[in-house]
Amino acid sequence: MALYSEKVMDHFMNPRNVGIIEDADGVGEVGNAKCGDIMKMYLKIDNDVITDVKFETFGCASAIASSSMATELIKGQKLEEAMTLTNKAVAEALDGLPDYKMHCSVLAEEAIRAAIEDYQKKK
């Protein structure tokens, strides 16, 4: 059995929504000191709907794939919906992650929440 699913490999090799939003409405940065992964999410928000989302991730294939999939899952969602996204949902959308890589999907969940909280503080 392969270590990573085809979806994980696709999102790692061809990540969606990579980059920076210069005038982002919310920015969230999180990291995991144990593995060294760092994830930064940028949100553009209009009427409480995420109209654009970009990310920068320094990390392994699982971290990059989780970031990419998470951005795809929240784009176009209302903030309240995006806040309910779980790491389990990110991992399931990727057709699974190895148990020892689940912390990467947790980073994606935390980065989204941090970006939304940043937006709400600025509001």
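1. D95 and K7 form a salt bridge, with 3.9 Å between the closest N and O atoms; the term denotes a side-chain nitrogen of Lys or Arg within 4 Å of a carboxyl oxygen of Asp or Glu. Because D95 sits in the loop between α4 (87-93) and α5 whereas K7 belongs to helix α1 (residues 6-13), the contact ties together parts that are 88 residues apart in sequence. K7 is partly exposed, at 38% relative accessible area (buried is under 20%, exposed over 50%, partly exposed in between, with a 1.4 Å probe and protein chains only).

2. The model is a predicted one, in which local features need pLDDT of at least 70 and side-chain atom pairs count only at pLDDT 80 or more, while totals for chains, interfaces and linings use all residues. Residues are numbered from 1 along each chain as its sequence is written, and side-chain values use heavy atoms, leaving out hydrogens and water.

3. A further salt bridge joins D48 and K123 at 3.5 Å, N to O. This pair also links distant parts of the chain, 75 residues apart: D48 is in the loop between β2 and β3, and K123 is in the segment after α5. D48 is partly exposed, with a relative accessible area of 32%, whereas K123 is exposed at 66%.

4. K122 is exposed at 53%, but D118 is buried at 19%.

5. The count of salt bridges comes to ten. D23, D25 and K44 are linked in a network of such bridges.

6. Three strands form an open sheet in the order β1-β2-β3, with antiparallel pairing; strands pair if DSSP finds at least two bridges between them. Helices (H or I, at least four residues) and strands (E, at least two) are DSSP runs numbered from the N terminus. β1 (26-31) and β3 (49-58) are at the edges with a single partner strand each, so one side of each is left without a neighbour in the sheet.

7. Strand β2 (residues 38-46) is joined to β3 by nine bridges, and K40 has E56 in β3 as its bridge partner. Helix α2 (residues 61-74) packs on the sheet, touching β2 and β3, and its direction makes about 175 degrees with that of β3. Contact means heavy atoms within 4.5 Å; axes are lines fitted to C-alpha atoms, for helices over the stretch in contact, with angles from 0 to 180 degrees between N-to-C directions.
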